[in-house]
Amino acid sequence: MTCLINPSILSADFSRLGEELTAISTADAAHIDVMDGHFVPNLTWGLPVVKRLKEVSPVPFDVHLMIEDADRWAPAYAEAGCESVTFHAEAAIAPIKLARTLRESGAKVGMALRPATGVEPYMDMLSELDMLLIMTVEPGFGGQAFLDVTLPKIKRAAAAIEGSGAEVILQVDGGITEETIVRAAEAGATCFVAGSSVYGTEDPKAAIAGLRRAAASAHHH
């Protein structure tokens with residue numbers, strides 16, 4: 001079982017994002033949170049910043065769009081060369097059409113669900129996705145505590161992915177630490193977004209290695 005670690009630059013030092021990306025060169029990807037101040041109560045960065053960071057990043061970009069009107073805005077991130085683009089199910093009018101548009105632009109497709117959004121309505125479209133993101137906090141702020149209430153949902157999503165035969169990464173985002181990553185991995189998650197537990201440490205590379213070990217230990221049980 002592979003476990004992917006995608007640190008979130010939401011917890012990085014915004015004044016030196018180029019160096020902060022270099023600091024996570026051992027990660028599988030950088031998780032790039034795009035927030036619009038409408039879908040979530042926060043505003044981060046948009047396409048011009050993401051495009052520029054992409055030019056200096058040693059790792060692929062896992063872009064997470066926490067924005068309204070995803071149908072309109074998401075394709076530009078795929079066209080800009082971001083390797084993976086995740087939109088929120090709650091913010092897409094035509095998620096299957098959007099997923100196909102993103103794939104046509106060469107990006108992997110992710111779909112995210114807020115903690116209270118059920119997985120069941122979306123199970124028939126797993127074949128259209130490369131990744132399903134189960135939010136383990138309410139999106140909008142870094143540094144929140146992992147919501148254990150999401151664990152049964154992760155289990156159901158993992159079972160549905162297995163049953164569908166689709167090659168879909170199951171990502172979790174929010175409150176991921178060396179402790180909570182074990183619970184999420186045991187529930188079936190395969191990709192882990194970690195913010196403060198990587199960037200809040202003296203040595204991000206050591207933190208990434210520690211998270212990998214913790215996730216792997218869960219999968220070996």
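Q: Which residue in β8 does Val172 stand opposite?
A: The model is predicted, so that local features need pLDDT of at least 70 and side-chain atom pairs pLDDT 80 or more, while totals for chains, interfaces and linings use all residues. Residues are numbered from 1 along each chain as its sequence is written, and side-chain values use heavy atoms, without hydrogens and water. Strand β7 (residues 169–173) pairs in the parallel sense with strand β8 (residues 191–194) over three bridges, where pairing takes at least two DSSP bridges. Within β8, the residue opposite Val172 is Phe192.

Q: How many of the five residues in β7 are buried?
A: Strand β7 is mostly covered, and a residue is called buried when its relative accessible area is under 20% (1.4 Å probe, protein chains only). Of the five residues in β7, the number buried is four.

Q: How far is Asp33 from the nearest side chain of opposite charge?
A: Asp33, which lies in strand β2 (residues 30–35), is in contact (heavy atoms within 4.5 Å) with residues beyond four places in sequence, including Trp45, His64 and Asp173. Although Asp33 is buried, the residue has no salt bridge, a link that needs a Lys or Arg side-chain nitrogen within 4 Å of an Asp or Glu carboxyl oxygen. The nearest side chain of opposite charge belongs to Arg114, at a distance of 12 Å.

Definitions and conventions
Helices (H or I, at least four residues) and strands (E, at least two) are DSSP runs, numbered from the N terminus. Buried means under 20% relative accessible area, exposed over 50%, partly exposed in between (1.4 Å probe, protein chains only). Lys and Arg count as positive and Asp and Glu as negative; His and the chain ends are not counted.
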